[in-house]
Amino acid sequence: MAVLSVYIINKAGGLIYQFDQNSNRPEIEKTFGYPLDIILKVHDDKVVVSFGERDGVKVGHTVLSINGITAEGRYLKDGRDILELLACEENYPINIKFGRPKLTTNERIMLASMFHSLYTISCQLSPEPRSSGIDLIETDTFKLHCFQSMTGLKFLALTDLRQIGVEQLLRKMYEVYSDYALKNPFYSLDMPIRCNLFETNLQACIEQSERAGMGM
């Protein structure tokens with residue numbers, strides 16, 4: 001897949017829609033001996049890898065389960081503290097599943113608000129008047145594209161580095177929003193979008209963009 005996620009942020013910085021195609025994140029499950037040769041720490045109430053990478057396990061990965069028991073934050077589902085469990089030699093060998101952390105709804109709302117603030121700051125810092133703000137942020141693994149409508153609505157797309165034609169996709173998303181959200185008599189402006197027709201047509205746009213826009 002080339003389009004990983006899309007977000008729509010209202011003019012006040014509130015997240016009103018999010019669609020994630022990146023839900024099937026790779027997971028790595030391995031059996032470890034004592035002592036554990038990677039360093040773990042608690043971050044945002046999750047146990048994450050802070051140092052040491054091996055066999056696909058990378059810094060930032062979260063502990064998802066131990067010996068088949070699901071992790072819920074820093075504890076296993078049965079109530080045991082993960083770091084205390086891993087510190088005890090008698091629990092080894094031990095099977096640990098790692099994966100990329102999954103954002104909660106509250107985290108997505110917070111990040112949308114932060115991006116809105118960064119967008120505003122970029123406009124104010126621009127040496128040219130009437131700056132369009134952030135259009136593109138490129139990292140070594142993905143790109144973040146942004147289009148802001150005349151009414152201040154922001155459409156964001158996180159894509160593969162090879163994806164092309166994203167500007168057209170963002171404008172098409174705006175058309176879908178205008179046709180299937182704004183014209184819905186039950187939709188309130190700037191509120192979260194919950195409309196089946198909107199979602200169906202938006203996903204169709206994303207699929208069409210992916211088929212047409214993967215560069216070499």
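How many residues does helix α3 have, and how far does it reach from its first C-alpha to its last? I looked this up first. The model is a predicted one. Helix α3 covers residues 166-182, which is 17 residues, and its end-to-end C-alpha reach is 23 Å. That is close to the 24 Å expected at 1.5 Å a residue.

Next I listed the buried positions of α3. They are Val 166, Leu 169, Leu 170, Met 173, Val 176, Tyr 177, Ser 178 and Ala 181. I then checked what the helix lies across: strands β1, β2, β11 and β12, with α3 running at about 135° to β12.

Entry on the sheet. I read the strand order as β2-β1-β12-β11-β10, an open sheet of five strands with antiparallel pairing. Strands β2 (15-20) and β10 (136-138) stand at the edges with a single partner strand each, so one side of each has no neighbour in the sheet. On average, neighbouring strands are turned by 10° against each other, direction ignored. I noted that helix α2 (residues 105-125) also packs on this sheet, where it touches β1, β2, β10, β11 (143-148) and β12. The direction of α2 makes about 115° with that of β2.

For the pairing of β1 (residues 3-9) with β12, I found six bridges in the antiparallel sense. One of the residues I looked up there was Ile 9, whose bridge partner in β12 is Lys 154.

Entry on Leu 156. This residue lies in β12, residues 154-159. Is Leu 156 buried or exposed? I have it as buried, because its relative accessible area is 5%, and the cut-off for buried is under 20%. Leu 170 and Met 173 are among the buried residues of α3. His 145 is eleven residues from Leu 156 in sequence, and their C-alpha atoms are 5.6 Å apart.

Entry on cysteines. I counted zero disulfides. Cys 123 is in none, and its nearest cysteine sulfur, that of Cys 146, is 9.3 Å away; a disulfide would need the sulfur atoms within 2.5 Å. Cys 123 is partly exposed at 26% relative accessibility, whereas Cys 146 is buried at 6%.

Last, the domains. The assignment gives domain 1 as 3-23 + 104-214 and domain 2 as 27-99. I noted 34 Å between their C-alpha centres.

Technical notes. Residues are numbered from 1 along each chain as its sequence is written. This is a predicted model: local features need pLDDT of at least 70, side-chain atom pairs count only at pLDDT 80 or more; totals for chains, interfaces and linings use all residues. Side-chain values use heavy atoms; hydrogens and water are left out. Helices (H or I, at least four residues) and strands (E, at least two) are DSSP runs, numbered from the N terminus. The expected span of a helix is 1.5 Å times one less than its number of residues. Buried means under 20% relative accessible area, exposed over 50%, partly exposed in between (1.4 Å probe, protein chains only). Domain bounds come from an automatic or database domain assignment. Two strands pair if DSSP finds at least two bridges between them. Axes are lines fitted to C-alpha atoms, for helices over the stretch in contact, and angles run from 0 to 180 degrees between N-to-C directions. Contact means heavy atoms within 4.5 Å.
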